[in-house]
Amino acid sequence: MTSHGETDPTRRVIALFGPPGAGKGTQAELSVARYGLVHLATGNLLRNEIARGTELGRNAESIIKSGNLVPDDVVEVMMRDKIAEGLAERGRVLLDGYPRTLSQADHLEEFLESQLGHGLDLLIFMDVADEVIMQRLLGRLICRNCGAIYHQQKHPPRQGGVCDRCGGPVVRRSDDTRDSVRERLDVYRRQTMPILERFAGQERFALIDADGEPDEVDQRVDSRLAPLMTDGS
């Protein structure tokens with residue numbers, strides 16, 4: 001067993017980072033299926049809390065609908081617990097949509113140092129233009145049960161309103177409106193883009209062009225992810 005502060009080369013924490021609509025969820029599904037990673041999507045975890053009607057969920061719901069971010073301290077505690085569980089379960093965790101602020105990034109790095117002896121192994125930044133994001137999000141559909149992602153024009157479910165995977169209801173997210181997307185992009189630039197400046201230029205930072213078909217983007221991401229998954233395993 002590895003003690004706190006001692007580097008364990010078999011345990012990995014990778015973060016998918018980028019604006020809303022960059023394709024983080026789709027890419028995460030592909031990478032998780034390929035490598036058996038524990039997938040921790042901040043948005044999905046918060047929506048689960050909302051669906052369960054927990055105190056955290058009730059507080060988060062109005063904030064998310066307005067296009068703003070849930071306070072750092074709430075997200076940090078939730079993610080710390082989930083990351084620890086994921087590392088204990090499989091040893092390799094993929095973060096989807098976290099960290100979103102510099103405070104979250106600092107907290108995450110400190111927590112991983114205590115658990116693994118080092119910070120994030122890899123931060124993948126999925127870059128895409130605003131006009132592409134708007135097209136993607138205004139047509140996006142999501143399964144309320146399992147979180148599977150669809151698109152009204154490009155990838156609708158086989159049966160209208162029913163998830164191909166689990167049979168759950170497929171709906172539009174309440175915050176996938178033109179005004180909300182604009183607000184989320186503005187919040188992203190103000191609060192999340194500084195993380196790019198923090199990690200840019202480091203060996204563990206990967207800038208990926210996320211404009212293209214899912215299989216094309218997947219190949220670009222996997223060119224950086226695959227060496228990390230085989231190293232030390």
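This is a predicted model: local features need pLDDT of at least 70, side-chain atom pairs count only at pLDDT 80 or more; totals for chains, interfaces and linings use all residues.
Several residues of α7 are buried, among them Ser180, Val181, Arg184, Leu185, Val187 and Tyr188. Also buried in this helix are Thr192, Ile195, Leu196 and Phe199. In general, an α-helix has 3.6 residues a turn, so residues three or four places apart point the same way. Just after α7, Gly201 adopts a positive phi of about 90 degrees.

Two aromatic pairs are present in the structure. In one of them, Phe17 and Phe125 are tilted, with 5.3 Å from centre to centre and 45 degrees between the planes. This pair links distant parts of the chain, as Phe17 lies in strand β1 (residues 12–17) and Phe125 in strand β4 (residues 122–127), 108 residues apart. Phe17 has a relative accessible area of 3% and is therefore buried, the limit being under 20%. Phe125, at 4%, is buried by the same criterion.

Phe125 also pairs with Phe205; these rings are stacked, at 6.5 Å centre to centre and 20 degrees between the planes. Here, too, distant parts of the chain are linked, since Phe205 belongs to strand β8 (residues 205–209) and is 80 residues apart from Phe125 in strand β4. Phe205, like Phe125, is buried. Together, Phe17, Phe125 and Phe205 form one aromatic cluster.

Note on methods: Residues are numbered from 1 along each chain as its sequence is written. Side-chain values use heavy atoms; hydrogens and water are left out. Buried means under 20% relative accessible area, exposed over 50%, partly exposed in between (1.4 Å probe, protein chains only). Helices (H or I, at least four residues) and strands (E, at least two) are DSSP runs, numbered from the N terminus. Rings of Phe, Tyr and Trp (its six-membered ring) pair if their centres lie within 6.5 Å; planes under 30 degrees apart count as stacked, over 60 as edge-to-face and the rest as tilted.
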